[in-house]
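Please read these notes with the structure open beside you. Each point can be checked by finding the residues it names.

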Amino acid sequence: MNVLFVAEQVGERLDVFLVRSMPDFSRSYLQRLIAEELVTVDGVTRKANYKLRGGEQIACAVPAAEEVTIAAEDIPLDVLYEDADIIVINKRRGMIVHPAAGVYQGTLVNALLHHCQDLSGINGALRPGIVHRLDKDTSGVMVAAKNDMAHHYLAHQIRDKEAQREYRAIVHGNIVPRAGVITGDIGRHPTDRKKMAIVRENGKPATTHFEVLERFGAYTYVACRLETGRTHQIRVHMTSIGHPLVGDTKYTAKKHPFAIQGQALHSFSLSLTHPRTGEGMVFTAPLPADMEEILHTLQSSR
């Protein structure tokens, strides 16, 4: 597919222009097209950070999408609730939510395809039913939609901050205040594209509320409530105030003595309005065994 645009703004980066002009594609994907010389400015290939002068003709050649078939797999699910419209599950730590490049098996979507007769198709073949995501190494409550009506309704609740999500985390250090609010726009890390960071440009607004549940001197057990749902939001925000999550090797080099694979972060509760009945519903998932064991160890050593 070949797409043509005319640059309107002077001084805008080429990749930023493409992200704004082609909202169905991620910035990383569009930057890859630029790097592979599939984007030209007045017939000349340019780098992603090229500043447009205004009036140029920008051509983008988008390769045809590969046909991918996602197979249903008989993977056990911890189902908290299910009806004809939604399914709420307690995702285990280590499970990827949906297939992506190079990973087409063993995901939550593979399991849902086996478990459910129908899933919403709004997010395409790779993400059927997926309304919101959890990181691979974050456990806990997630909701998926079984039809497009439910998907639209739930997505609007999350976007409009009507659905409430609360997490539990164990972080490094002693948090002194009883509670607090962390703000800071989140975007891709400027040098490590696999990480997120608080950024000054091209970030999305993010707000995290936290409350201390228990202090252990070198560690603190906290509840976190999201106003927004940015990628790695709690992990980035807690790191930004000097309290990275235990086990989060992507955002901290701090060592710990606990037996946990991945960050100590759990989606504890999800409050939403049922898309068909209008009933207010609250779902909770107990802490996984690895986080319970950490808390037991900390409580016993006081």
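1. Start with H232, which lies in the loop between β13 (219–226) and α5 (233–240). The model is a predicted one, and the angles and areas below are computed from it. The phi angle of H232 is near 60 degrees, a positive value in a residue other than glycine.

2. Is H232 buried or exposed? The relative accessibility of H232 is 12%. Buried means under 20%, so H232 counts as buried.

3. K161 sits in the loop between α4 (148–159) and β8 (164–172). Its relative accessibility is 42%.

4. Next, look at D135. UniProt, in an unreviewed entry, places the feature "active site" at D135. That label comes from the record, and such annotations may be inferred rather than shown by experiment. In the model, D135 is in the loop between α3 (108–115) and β7 (139–145). D135 has a relative accessible area of 22% and is therefore partly exposed.

5. Which residues does D135 touch, leaving aside its neighbours within four places in sequence? D135 is in contact with K91, H232, R235 and Q263.

6. Strand β6 (residues 86–91) pairs with β7 in the antiparallel sense, over six bridges. Within that pairing, I89 stands opposite M142.

7. β7 has another partner in strand β14 (residues 265–273). Here the pairing is parallel and runs over two bridges. S139 has H266 in β14 as its bridge partner. As a general point, the side chains of a regular strand alternate between the two faces of the sheet.

8. Finally, turn to helix α1 (residues 14–21). Which of its residues are buried? They are L14, D15, V16, F17 and L18. These buried residues pack against β1 (2–6), α2 (27–35), β2 (39–41) and β4 (57–61). When tracing them, keep in mind that an α-helix has 3.6 residues a turn, so residues three or four places apart point the same way.

Key:
Residues numbered from 1 in each chain as written. Predicted model: local features only at pLDDT ≥ 70, side-chain atom pairs only at ≥ 80, totals over all residues. Heavy atoms only, no water. Buried < 20%, exposed > 50% of the residue type's maximum accessible area, 1.4 Å probe, protein only. Helix = DSSP H or I, 4+ residues; strand = E, 2+ residues; numbered from the N terminus. Contact = heavy atoms within 4.5 Å. Pairing = 2+ DSSP bridges.
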